[in-house]
Amino acid sequence: MPMSLIPKLVRLIRADGPMTVEAFMRLCLHDPEFGYYTTRPRLGPEGDFITAPLASQMFGELIGLWAVDAWSRLGQPAPFRLVEMGPGDGTLTSDLMRAARVVPGFRASAELWLVEISGPLIEMQHERLAVHGPRWAGSLAEVPAGAPLVLIANELLDCLPARQFVRTAAGWAERRIGLDGVGALTFGLSPAPNGFVPPPDLQDAPSGALVEVSPAQEALGAEIGARIATDGGVALFVDYGRDRTDPGDTLQALRAHRKVDVLASAGEADLTVHADFPAFAAAARSAGAETTAIVGQGDFLRALGIDLRAAALAKARPDQADTIARQHHRLTDPEEMGRLFKVVCVHQTGLEVAGFAD
Ligand code: SAH
């Protein structure tokens, strides 16, 4: 039995040949024995990476107010399914629920569902969210249909794997992980499968351009779009990602807040690609829902009133004013999370939602 993921990857490649980046990502994150989320997810300042809800309670609180507002615009349906996908340690939903107390009825009407596949994180969610009586599902399909959705997901899309294709002089090739002369993991290229069609905007990409395509992100967009077209509701996605279909290699491994070598740290670091918001949103629209514009996290949070919220918090706790100012900066500044992180909402036809003013 191998003791870590790398010997297992080597064995799989020896047996089946070089693997796609998609297969590699899936194993690194979710291999039942050695995957990062299966065995050692470490979120937060002491861990491998930090997310917006862990950086500041203002994030979850504003999303909570957004969710209450969306529920009101939907006509205050009862019951409705309040779903968080990829809830991490449960902080976002915890902050959301606290903020949502301002409108009686929201929590009473909400059936809380957490979509999660990481055993260690489910444990943490149990601890933090037990008071809200959540239910768990391994996929959105397991959350029963038949009631409107108010769904939130922060940094979920970037865990859904992508394939990578490179334009070469001989046509499109797929980037794969194989073995070098001494049996170590290495990147290589093989001809793209027959029938590969690059995204429409990238068909004329120059030689050397690398294009990412995420079937899993697109499938989730289609699933959410179809679900909302049938049951009604809204789904808010916030992530590190692109708002245009641009080429570029965005595969990145993070350990202890540092970028580390993707192959050498297989299974031991968080591994992500940029969320492909244009493809995700297009898939949701094709399935019958509408989508907002794709906006920056800074603009979204400002539209929801983060400036006022930060000022009120600082007034209530003058001793914390510097910390609050730092958190505000981190969430909204274009050099920090404000621009690289994007937000989109999938919603039922004809509904207006807050936060996306042109
Ligand atoms: N939303 C949290 C955690 C982000 S980390 C936050 O903002 O702090 C990514 C989360 O998505 C983790 O909870 C991880 O276990 C979960 N995840 C990753 N891939 C998933 C998948 N295919 N299905 C469901 N959850 C997944």
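This is a predicted model: local features need pLDDT of at least 70, side-chain atom pairs count only at pLDDT 80 or more; totals for chains, interfaces and linings use all residues.
Residues are numbered from 1 along each chain as its sequence is written, and side-chain values use heavy atoms, with hydrogens and water left out.

Let's begin at helix α1, residues 5-16, which packs against helix α2, residues 21-30, at an angle of about 150° with the axes 11 Å apart. Helices here are DSSP runs of H or I with at least four residues, and strands are runs of E with at least two, numbered from the N terminus. The axes are lines fitted to C-alpha atoms, for helices over the stretch in contact, and angles run from 0 to 180 degrees between N-to-C directions. α1 and α2 are therefore roughly antiparallel; that term is for angles over 145 degrees, with under 35 roughly parallel, 65 to 115 roughly perpendicular and the rest oblique.

Which residues of α1 and α2 meet? Leu5, Leu9 and Leu12 come from α1, and Phe24, Leu27 and Cys28 from α2, where contact means heavy atoms within 4.5 Å. That contact has six nonpolar residues, no polar and no charged. Nonpolar covers Ala, Val, Leu, Ile, Met, Phe, Trp, Tyr, Cys and Pro; charged covers Asp, Glu, Lys and Arg; the others, Gly among them, are polar.

Now for the second pair. Helix α12 (residues 306-316) and helix α13 (residues 321-332) have axes that come within 9 Å and cross at roughly 165°, so α12 and α13 are roughly antiparallel to each other. Among the residues meeting here are Asp307 in α12 and His328 in α13. By class, the contact of α12 with α13 holds seven nonpolar, two polar and one charged.

Next, Thr93, in helix α6 (residues 91-99). Is Thr93 buried or exposed? Thr93 is buried, at 3% relative accessibility; buried means under 20% relative accessible area, exposed over 50%, and partly exposed in between, with a 1.4 Å probe and protein chains only. Leaving out residues up to four places away in sequence, Thr93 touches Glu84, Leu112, Leu114 and Leu129.
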